[in-house]
Amino acid sequence: LKRAAACLPAAWDIFFHSALFLETMGKVNQRRAPKAKASRGGNDIVDTTVSSRQKPNASSAAAKRNDVGRDAHHHHQPAYTSSPDPSILSLLIFLVKVVLLTLISIPFWFLTGILSLLYGRPPKMVFPSQTWRYLRYTINGADLSFSSRIDLMMTIILHLATSPVSGLCWLLDEIIYGKQLNSLSIIKPLFVLSAYRSASTEMARALAKDTTRFVAPNAIMCAFPYLWLWKLVTWIVGDDNAGMSLDEMNGYLNKNFTKESLERHDNDHFSIDTFDGYFLSSHLNGLAFQLGPEVIVKEFNSAQFEEHNRYLFEHYFVEHVDRIARKTLLFSGVTASHSEDRAFLLKGHFLSSASALQRKYPDARFLTVLRDPLDRLKSGINHMAVNATLWQGRLPRWDWLSEAFQQIEMTYCEREMEWYNNGSKRHVVKFDSFVRNFHKTMEGIYQNLLETHEDEIPVIPHPSKCLKHYTVN
């Protein structure tokens with residue numbers, strides 16, 4: 001009966017988020033950004049290619065920074081063309097949708113509110129204070145037309161109004177599995193905590209293949225962090241049942257992503273991926289890309305947070321990590337008496353929450369991959385520009401990305417050096433070593449960070465190298 005009752009909010013949660021996603025992708029198809037002609041020599045090897053150029057000296061590095069920033073409009077990106085403003089008719093249709101979904105969500109506010117008194121507030125839910133802050137950003141935004149402001153304001157209100165739906169889905173786990181989750185222990189978790197576009201995804205996926213030592217949530221599990229839903233999905237999706245295979249489901253989930261986006265990231269929804277991206281999307285931080293470079297730096301900065309976001313990143317983010325760690329262990333068959341048998345593995349760019357995670361898990365291990373910051377900066381700007389889900393149907397603002405990510409990446413480099421140069425159980429891998437000497441690099445991780453005896457180090461398959469030619473580069 002509990003599982004049957006659980007299907008109703010799950011169906012609503014999936015329907016609502018899928019509808020928003022498909023609506024966004026539909027807008028993207030109508031307002032496709034102009035394609036940039038790929039520069040000659042723009043091939044890369046899964047974005048883990050060793051650069052063919054020589055290491056820059058100070059003057060050449062400064063020159064390249066100028067290329068990424070000031071001169072990017074001339075050689076590295078399409079010129080910005082303003083997006084069409086929403087029509088009055090589309091705004092009216094959207095208004096009706098917001099009103100209807102808000103009315104439907106009212107019962108969930110009561111249910112979630114009552115259950116939150118017993119089990120705690122779900123970390124996925126949007127804060128009213130956060131909503132008010134984003135409404136102020138929208139009202140004061142200099143580069144938004146009147147109709148775009150109205151459209152974005154309704155989007156923000158809709159996120160808040162429907163937030164209790166996902167909150168109730170979260171609380172169902174506490175009702176059904178709460179005692180089992182609390183009985184588990186998170187022992188020596190491993191956080192692959194690295195910068196954007198540093199090959200950290202390939203590193204995490206290589207480690208996740210060692211299933212005797214690690215359990216890791218895949219992208220779908222991070223997007224929908226509900227244990228009861230994971231168990232339902234295994235009945236219909238998987239290579240060992242009569243439902244859809246993993247490849248078929250991946251193809252279905254990726255069919256609305258643009259070719260340019262999939263070139264930059266393969267979107268394997270059943271492999272480990274960037275966790276904090278899903279956490280931020282459940283709040284309003286992803287809307288920062290609609291509001292200008294200053295808001296991006298304030299609200300989507302993986303290196304540091306503003307004071308108004310302290311509780312979000314030091315409390316709710318850590319709480320979210322802790323519960324999804326326990327859910328992943330339980331889902332993988334780990335029992336309370338064998339919690340130490342397999343460690344929790346998580347990958348992301350959440351450097352701003354590293355200290356809070358260290359306080360939560362004193363025995364945690366941290367691993368990063370160091371790649372040339374200028375290569376990462378170029379790759380990151382291109383990746384964000386072609387990721388249509390960030391732009392809510394509008395054309396990408398290359399100028400915003402260039403300005404914001406130069407600041408974010410500079411801060412990240414400084415904070416990353418400070419973090420990994422102080423404290424134990426922190427390991428640094430150079431990008432070039434990971435690409436050229438994969439097995440030796442993995443052996444170093446197991447021996448120096450995971451404290452594994454040489455005879456017990458597993459043989460992990462080398463990540464497949466695929467020559468890529470980016471359409472937008």
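Colleague: In E6, which residue is the bridge partner of Leu 367?
Modeller: In this predicted model, E5 and E6 pair in the parallel sense over 5 bridges. Leu 367 belongs to E5, where it is also the bridge partner of Val 192. Its bridge partner in E6 is His 427.

Colleague: In E5, which residue is the bridge partner of Phe 191?
Modeller: Look at E2 (residues 190–193) and E5 (residues 365–370). These strands pair in the parallel sense over 3 bridges. The E5 partner of Phe 191 is Phe 366.

Colleague: Which strands are the edge strands of the open sheet?
Modeller: The open sheet has 5 strands, with parallel pairing. Their order is E3-E4-E2-E5-E6. An edge strand pairs on one side only. That picks out E3 (214–215) and E6 (426–430).

Colleague: H7 packs on the sheet, so what angle does its direction make with that of E4?
Modeller: Helix H7 covers residues 200–208. On the sheet, strands E2 and E5 pair in the parallel sense. H7 touches E2, E3, E4 (343–348), E5 and E6, and its direction makes with that of E4 an angle of about 165°.

Colleague: Why is E5 largely enclosed by the rest of the structure?
Modeller: Buried means under 20% relative accessible area. Count the residues of E5 that pass, and the strand is largely enclosed because the buried ones number 5 of the 6.

Colleague: How are H7 and H19 oriented, roughly parallel or roughly perpendicular to each other?
Modeller: H7 (residues 200–208) and H19 (residues 438–449) pack with their axes 12 Å apart. The angle is about 70°. Angles of 65 to 115 degrees count as roughly perpendicular. The two helices are therefore roughly perpendicular.

Colleague: How many residues of the contact of H7 with H19 are nonpolar?
Modeller: H7 brings Met 203, Ala 206 and Leu 207 to the contact. H19 brings Phe 438, Met 442, Ile 445 and Tyr 446. None is polar and none is charged, and the nonpolar count is 7.

Colleague: Is Arg 371 buried or exposed?
Modeller: Arg 371 lies in the loop between E5 and H16 (373–386). Its relative accessibility is 9%. The cut-off for buried is under 20%, so Arg 371 counts as buried.

Colleague: How far apart in space are Arg 371 and Ala 199, C-alpha to C-alpha?
Modeller: In sequence, Arg 371 and Ala 199 are 172 residues apart. In space, C-alpha to C-alpha, their separation is 8.1 Å.

Colleague: What is the phi of Lys 188?
Modeller: Lys 188 sits in the loop between H6 (146–183) and E2. Its relative accessible area is 40%, so it is partly exposed. Lys 188 is not a glycine, yet its phi is positive, at about 50°.

Colleague: What is the relative accessible area of Asn 267?
Modeller: Asn 267 lies in the loop between H11 (259–264) and H12 (275–282). Its phi is positive, near 55°, and it is a residue other than glycine. Asn 267 is buried, with a relative accessible area of 11%.

Colleague: What share of the residues in the protein chain is buried?
Modeller: The chain has 19 helices and 7 strands. It holds 473 residues, and the buried share is 55%.

Key
Residues numbered from 1 in each chain as written. Predicted model: local features only at pLDDT ≥ 70, side-chain atom pairs only at ≥ 80, totals over all residues. Heavy atoms only, no water. Axes fitted to C-alpha atoms, helices over the stretch in contact; angles between N-to-C directions. Helix = DSSP H or I, 4+ residues; strand = E, 2+ residues; numbered from the N terminus. Parallel < 35°, antiparallel > 145°, perpendicular 65-115°, else oblique. Contact = heavy atoms within 4.5 Å. Nonpolar A, V, L, I, M, F, W, Y, C, P; charged D, E, K, R; others polar. Pairing = 2+ DSSP bridges. Buried < 20%, exposed > 50% of the residue type's maximum accessible area, 1.4 Å probe, protein only.
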